[in-house]
Every structure is written in structure tokens, then in C-alpha cells.
Amino acid sequence: MRSTPGPRVRSTLAALGALVLGLTTAGPAGAATGAPAVPTDLYSGNRACAADPAAATWLNARSGVSLMGIPSHPDTAELRYLGEEFEYWPVADPARTTTLVSGTVPNGREGSVVVQPEALTEGRTYAWRSRTVAGGESSAWTAPCHFVVDNTRPAAPPVISSSNYPADTWSRGGLPVEITLDPAGVDDVAGYQFSWVGSLPVVGGFLVGERGIPTPIDSYETSTSYLVRAAGPGRPTTVRLLPPHGSGPMRLTVASLDRTWTRSAATSEYSFYVNSTAPQIRQLVADPQWGETVPFKITANPDLPPEARVTEYSVEIYDGRGTRKQTVKPSATGNAIVHLPLNGQLITRLSVSSTSANGWVSNQNQWTSPVTDTTPTVTSQVYPENDFGGGVGVTGTFFLAPKVPGVTSYLCTFDGRPPVTVPAAADGTARLDWAPEYSDLQGLNVTPVLADGLQLDSYYYSFWVA
């Protein structure tokens, strides 16, 4: 004989049962036909029913445990809402049965109740079952489901080691990091969570599908970039990881996870260092001039191991127009040729990294052009620079000349006046006539402009009007 916990609980459940009967009894419009069906789609804590008590579902019950099932009745017209009754008990003490009722469950959708945390004991295995209540009738009970309460997080963080990247040591790069994770004697570790950025994301969870049926998420299968399953409960495992960048200091943060997806009380950190794996860049023209297109030879880093054969180079070219990116496939010898036009505003920069067949991505190597003075030359006989000349109303001619080829016009602005565009001759020179309206220190700002509209560096020409 199973019994409820006490008179107060029994009276509450009796009232709930009356509510269920009131809500699920067909009204005067017609009588329900058929019999209530045994609930289906049973879930403990949003995880599928475990029929075998020896393979019970492990659950963290700090916020309680939800029990779920779909009650149904064939007469959906008369019985849109059903009741669902749940019983749970400790497997070791089946006489201690507690009943919970969900009274307004849409016909054919998941109903649920929550077993409160104070009603559950750490380490104890519980069984539960449910039945549909409708139209004054009840279905047969389902077969029992089972869960174990585990509110204790792993007591110690994992121990981390690596066979090919020793801790606190500089090592040659190019190969994935062989990381071994040991549970440090904690026997219920089910897996490990790791991160290169320090913070660890939330794992586990579920999706709600059709008719409210939960779909548990096995993050070990969907999130392999930061999770790995242990080889067995409380057993170590080895994982091959690619570091977040191709060289420099690396730090891996790891925590253990138990069977309830609860993280260990602390994390472990593993630090090591990787030598540069950046490709080599060789300039094939000895003395490139501004405006030329210069070839560069890209070669894989000679320290890369054979397993890290380069399959692609990622190239970034920065100049005054912005950054352009492209990928270049190497030849059979592993080399590539990149052509770089030296027509930037001030600095042209070539950045190259490599990607290997095993997924390794190197750090970047860079080539930077010498700084080129692209400011114009400005002269005037009437108004010499930084000197007195001319006068109010006296027209002076300003001669403009480029220092680099390709200039087609100049953008000119006298202090406090709107800018004007002055076309350049074929050789890039131009002249501007101007008469000042007042005597004082004044200035002319001149910006060379290329045919495609790129503005080069400006020059500010100051003078005194006599």
C-alpha cells in the first residue's frame, strides 16, 4: 500500500483531484466518448525517461525536478483540457509515495509538475509514473521512470598535461596541441569544458519542440570546439586542439563536468608558448619606387613540420584606399607570388598568414613600404612662404607641383574660404591665381588628388599679406 506524506498533503491533493475532475468532465453539450490514454513522451528534468533504475538519469535538483508526459483522450472536441496525475517515490522506500497533479493540460500536449528540491535527497534514486485523468476516468499508469539526485559539483578541477607542448615552455608550432585531461580522482566526471579566452560558456539545455516535447541537447556532440566527453565516468581523455593564434603565449582554461552538466568548483589553467609559424616574404625588386607594382615571393615557414603542409596563403594589402584581402594557392613547391602596387597614401603594408592541411593557421608576417612624401610643392614669387609679400587686392600666382606621379588635380583652400579644385597638367603641375582681401597672416592648404579620387597628403603654405 502506497501512501502520501501526511494529512495536509493529502487534503491538498484531494482538492487538486476535484479540480481536475471539474475541468476534465464533459459539459452538458455532450458526453465524452472513448477512454483516456496512458501518457506518452515521458521526461525527467527535460531528459528522456530512464526505465531501468540501474541506468537512471542523473539530475541536479537544486531548482527542483520537472516530471513531464503527454496525456491524451480521443474525444478532442469535448475534452480540450485534461488532468495528469504523477506519483514519485524513493526506489529504496516504495511505500513513501507522493502524488502531484497538473489540472489543465491541453489534450495531446506535454503536462508537467515540479518536485521541489526540499522533497528530494542527495544521492537517492527516485521512480515516478503518470496517468491521464479525464471525464471522471483515469488511464492506466505508465511504466516507471527513474532519476538520481546529484547536487554536488565535481570537487576538484581537472589536471592538464600535453605531450607535445610542455607547460611554460616555447615549442615549435604547426601541430594541434595534444591535451590530456585527468579528473583528479573525481569519479563522476562525464566530460570536460575548455576555452582559450578564459570564460566558459553555459552548456547542456534543451529545445522545445512540437506539442511541448523537450529535445535535450547533447553539447558533447554539437559543441566540440569547447567540450569533450570523458572516456568513461571519472576517466581521463585526450583531445587535439588548435590554438587561437599561430604564435606567442597560449592559455587554456578547463573545468570538469559531471553527469548533470554541473561544472567543477574551480578551473585549471595550462600555459605554454609557440614559436612563430608565419610565412616568409621576400621582395623581388631591389629599390621599388612609388607607383610601381612590385612582386613578392611568399614561402612557408621553414620550421613547420611536414604534417603542416601549407595549402593556402591569406593576403591583406593596406594602402590609402583601405584593406584588400585575397587568398593565394601555393605552387607545387609551396611558394606563391603576390604583386603589390606601391601607390598608397603614405604606407603600403603587405600582411600574409598561411593555412595548413591539418587546420593550423599561422600568425601574420608583414612587409611595409618606406614612408613616401606625397605632399605637393607650393611656391609663389608674390607671396613667398613664411614671409611678407603682395598686398590687399594684389594678385599672386601659386605654382603647384607633385612629388609622386599620377596627380590629376589639387584641392585648394584659403583660410576661411570654400575649397576649389584646380586641374593639373599632364605632368601633374598646376597654377592658382589669387588676390587677398585683407592684410594679415594667411594660409593655403593644398591636397593632391589622383585620377580615382584618392587624396594624398596635404601641404599648408602660410604667408603674410603686406
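Modeller: In what follows, a disulfide is a pair of cysteine sulfur atoms within 2.5 Å. The model is predicted: local features need pLDDT of at least 70, side-chain atom pairs count only at pLDDT 80 or more, and totals for chains, interfaces and linings use all residues. Residues are numbered from 1 along each chain as its sequence is written, and side-chain values use heavy atoms, leaving out hydrogens and water.

Colleague: OK, how many disulfides does that rule give?

Modeller: C49 and C145 form a disulfide, with their sulfur atoms 2.0 Å apart. By this rule, the count comes to one.

Colleague: Is the disulfide of C49 and C145 left-handed or right-handed?

Modeller: Look at the torsion about the S-S bond, which is about -105 degrees. That value is why the disulfide of C49 and C145 is left-handed.

Colleague: How many residues apart in sequence are the parts that the pair ties together?

Modeller: Strands here are DSSP runs of E, at least two residues long, numbered from the N terminus. C49 sits in the loop between β2 (47-48) and β3, and C145 is in strand β10 (residues 145-149). So the pair ties together parts whose separation in sequence is 96 residues.

Colleague: And C145, is that one buried or exposed?

Modeller: I call a residue buried under 20% relative accessible area, exposed over 50% and partly exposed in between (1.4 Å probe, protein chains only). C49 comes out at 28%, so C49 is partly exposed. The relative accessible area of C145 is 0%, so C145 is buried.

Colleague: What about C412, buried or exposed?

Modeller: The relative accessibility of C412 is 1%. C412 therefore counts as buried.

Colleague: Which residue in β17 is the bridge partner of Y192?

Modeller: β14 and β17 run antiparallel, and three bridges join them. For Y192, the bridge partner in β17 is V228.

Colleague: Last one: which residues is S139 in contact with, leaving aside neighbours within four places in sequence?

Modeller: S139 lies in the loop between β9 (137-138) and β10. Its relative accessibility is 8%, so S139 counts as buried. Taking contact as heavy atoms within 4.5 Å, and leaving out those sequence neighbours, S139 is in contact with P36, A37, V38, P39, R131 and T132.

Technical notes:
Helix = DSSP H or I, 4+ residues; strand = E, 2+ residues; numbered from the N terminus. Pairing = 2+ DSSP bridges.
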